[in-house]
Amino acid sequence: MTTPTLLVLGADPLPRLGRLTGRVRIEHADASTLAERLPHADVLLVWDFTSHAVREAWPGEGPRPRWVHTASAGVDHLLGPELAASDTVVTNARGVFDRPIAEYVAALVLAFAKDLPRTLEFQRERTWRHRETRRVAGTRAVVVGSGPIGRAIAGTLTALGVTTALVGRAPRADVHGPDDLDRLIAGADWVIAAAPLTDRTRGMFDARRFGVMQPSAHFVNVGRGQLVVEEALAEALRRRWIAGAALDVFASEPLTPDDPLWRVPGLVVSPHMSGDTVGWRDELAAQFVELYELWAAGRPLVNVVDKRRGYVPGP
């Protein structure tokens with residue numbers, strides 16, 4: 001029996017694949033060698049989920065991996081036309097980041113409500129300035145994206161006493177459709193973007209949408225950077241159309257030191273870290289090993305991406 005070849009599009013540190021050692025021929029590639037090595041691989045593990053190399057290197061005709069797994073929730077970085085049209089199965093890391101991202105969003109909501117950024121600023125200035133802060137319980141949130149991450153965010157905010165509405169691709173039980181979005185965000189205190197990046201969601205938060213929000217609202221993006229027209233958000237904050245915002249994902253990453261977003265008033269910038277808790281890489285590796293066991297046994301994989309839609313369909 002031929003030993004399968006697993007090609008890892010690497011990042012530092014490389015994954016620890018435990019019980020696959022000795023059972024699989026593991027090879028490594030970077031952006032410069034991926035195209036050459038792809039035709040000889042049975043499986044591709046996109047460990048460097050910041051790389052767009054798969055889009056550029058994927059072979060049109062001829063041999064190609066039968067299965068591609070990305071160690072990320074989003075798949076827009078690898079789903080080029082050739083891969084989307086192929087019979088290669090694509091899976092993602094659905095389930096690993098749900099709770100950490102939900103906790104991160106809850107932390108931001110509490111920080112905004114309790115004015116923690118200004119408290120820290122006043123402490124640095126040694127300024128004693130008493131203020132009144134907001135009560136979180138009883139406020140309203142809209143979470144855009146009804147997958148596992150969006151649902152985890154909604155559940156965590158609900159536990160804090162926040163009335164939360166979920167918006168998804170289509171209306172169904174306990175999920176609103178896109179036609180309800182403007183009405184919902186017009187009355188929301190917290191608007192959370194957690195949707196996948198597709199042709200339908202790209203740039204969905206633009207000047208018009210920020211204009212719909214109430215002046216006391218806060219906006220948080222933990223989905224994909226391209227969901228937001230960043231200059232429109234910056235202008236909305238400068239004009240005080242909304243009270244504040246937090247971005248954990250950006251159209252171009254990392255932000256350069258001279259990027260104007262660093263200086264936008266009322267904007268919290270974090271470096272794409274909302275889902276990254278201690279041990280997260282080991283969780284991603286363990287998830288891949290479990291999926292590999294299914295694949296090697298000829299059993300159906302889970303977390304299979306609908307390549308036409310660009311995400312894993314949910315209930």
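Helices are DSSP runs of H or I with at least four residues, numbered from the N terminus, and in this predicted model the helix called α10 holds both F288 and Y292.

**View 1. Overall fold of the predicted model.** The protein is built from ten helices and eleven strands, and its C-alpha trace extends over about 70 × 45 × 30 Å along the principal axes. A compact globule of 315 residues would have a radius of gyration near 20 Å, and the value of 21 Å found for the protein therefore agrees with that expectation. Of the 315 residues, 49% count as buried, and among contacts between residues at least 6 apart in sequence, 61% join residues at least 24 apart.

**View 2. The aromatic pair F49 and W280.** This pair belongs to a structure in which a search of the whole model finds ten aromatic pairs. The ring centres of F49 and W280 are 6.0 Å apart and the ring planes meet at 65°, which is over the 60 degrees required, so the pair is classed as edge-to-face. F49 sits in the loop between β3 (43-46) and α2 (53-57), whereas W280 belongs to helix α10 (residues 280-296), so the pair ties together parts that lie 231 residues apart in sequence. With a relative accessible area of 23%, F49 is partly exposed, while W280, at 10%, is buried.

**View 3. The aromatic pair F288 and Y292 within helix α10.** The two rings are 6.3 Å apart from centre to centre, with 50° between their planes, and the pair is described as tilted. F288 and Y292 are four residues apart in helix α10, which corresponds to about one turn of the helix, and both residues are buried. Together with W67 and W295, F288 and Y292 form one aromatic cluster.

View 4. Sorted by class, the lining of the second largest pocket comprises ten nonpolar, three polar and six charged residues.

Methods. Residues numbered from 1 in each chain as written. Predicted model: local features only at pLDDT ≥ 70, side-chain atom pairs only at ≥ 80, totals over all residues. Heavy atoms only, no water. Nonpolar A, V, L, I, M, F, W, Y, C, P; charged D, E, K, R; others polar. Phe/Tyr/Trp six-rings, centres within 6.5 Å; stacked < 30°, edge-to-face > 60°. Helix = DSSP H or I, 4+ residues; strand = E, 2+ residues; numbered from the N terminus. Buried < 20%, exposed > 50% of the residue type's maximum accessible area, 1.4 Å probe, protein only. Rg over C-alpha atoms; globule rule 2.2 N^0.38 Å. Contact = heavy atoms within 4.5 Å.
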